[in-house]
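Here is a short report for you to read next to the model. Please keep the viewer open as you go.

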Amino acid sequence: QVQLAESGGGVVQAGGSHGPSCAASSGTLSSYVMAWFRQGVGKAREFVAAISWSGGDTLYADSVKGRFTISRDNAKNTVYLRMNSLKSEDTAFYYCAAARAWGSSNYTPNHYAYWGQGTQVTVSS
């Protein structure tokens, strides 16, 4: 129902900022709760942030609160992740996901039916 594609991965210095995006090439993003997840080498998939249909509600993992900001522009069918004060431990494969509902399971991968292909973000020391 919705096809997602991340872009904007790359290498950034520790302490710097980066801003990957997730766009819907088909479907309408305004119909979905959107989220970012990440998975580092040898680690489990980890929730990063979620945003409600019109952006009125957001949810962040404790590890990124105060550093990362999720936002969306439904007119552009795009979701963004602004990452500030990056640390080496932020190095991971980042991907976005879409769900129909907003609730207590927002932080779990099983909540999301649609996923992008992901993009690699590497934070160098």
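## Phe93 and Tyr95

Phe93 is partly exposed, with a relative accessible area of 30%, while Tyr95 is buried at 7%. Buried here means under 20% relative accessible area, exposed over 50%, and partly exposed in between, with a 1.4 Å probe and protein chains only. This is a predicted model, in which local features need pLDDT of at least 70 and side-chain atom pairs count only at pLDDT 80 or more, whereas totals for chains, interfaces and linings use all residues. Residues are numbered from 1 along each chain as its sequence is written, and side-chain values use heavy atoms, leaving out hydrogens and water.

## The aromatic cluster

The structure holds 7 aromatic pairs. Phe37 and Phe47 form one that is edge-to-face, at 5.6 Å centre to centre with 75° between the planes. Rings of Phe, Tyr and Trp (its six-membered ring) pair if their centres lie within 6.5 Å; planes under 30 degrees apart count as stacked, over 60 as edge-to-face and the rest as tilted. This pair links distant parts of the chain, with Phe37 in strand β4 (residues 33-39) and Phe47 in strand β5 (residues 46-51), 10 residues apart. Both Phe37 and Phe47 are buried. The rings of Phe93 and Tyr95 have centres 6.0 Å apart and planes at 45°, so that pair is tilted.

Ring pairs join Phe37, Phe47, Phe93, Tyr95, Tyr112 and Trp115 into a cluster. Arg45 lies over the face of Trp115, at 4.7 Å from the ring centre; a charge sits over a ring if NZ of Lys or CZ of Arg is within 6 Å of the ring centre and within 35 degrees of the ring normal.

## Arg38, a buried arginine

Arg38 is in strand β4 and counts as buried at 6% relative accessibility. Which side chains make polar contacts with the side chain of Arg38? One is that of Asp90, at 2.9 Å, and another is that of Tyr94, at 2.9 Å. A polar contact is a pair of N or O atoms within 3.5 Å; within protein, one must be able to donate a hydrogen and the other to accept it, and residues adjacent in sequence count only if both atoms are side-chain atoms.

Leaving aside neighbours within four places in sequence, Arg38 is in contact (heavy atoms within 4.5 Å) with residues including Arg45, Glu46, Asp90, Phe93 and Tyr94.

Leu4 lies in strand β1 (residues 3-7) and is buried, with a relative accessible area of 6%. Beyond its neighbours within four places in sequence, Leu4 is in contact with Met34, Cys96 and Trp115, among others. The C-alpha atoms of Leu4 and Met34 are separated by 11 Å, with the two residues 30 apart along the chain.

The largest nonpolar core has 36 residues, of which Leu4, Met34, Trp36, Tyr94 and Tyr112 touch the most other members. Such a core is a set of buried Ala, Val, Leu, Ile, Met, Phe, Trp, Tyr and Cys residues joined through side-chain atoms within 4.5 Å. Strand β9 gives the most to this core, with 7 residues.

## The whole chain

The protein has 0 helices and 11 strands; helices (H or I, at least four residues) and strands (E, at least two) are DSSP runs, numbered from the N terminus. Buried residues make up 43% of its 125 residues. Among contacts between residues at least 6 apart in sequence, 59% join residues at least 24 apart.
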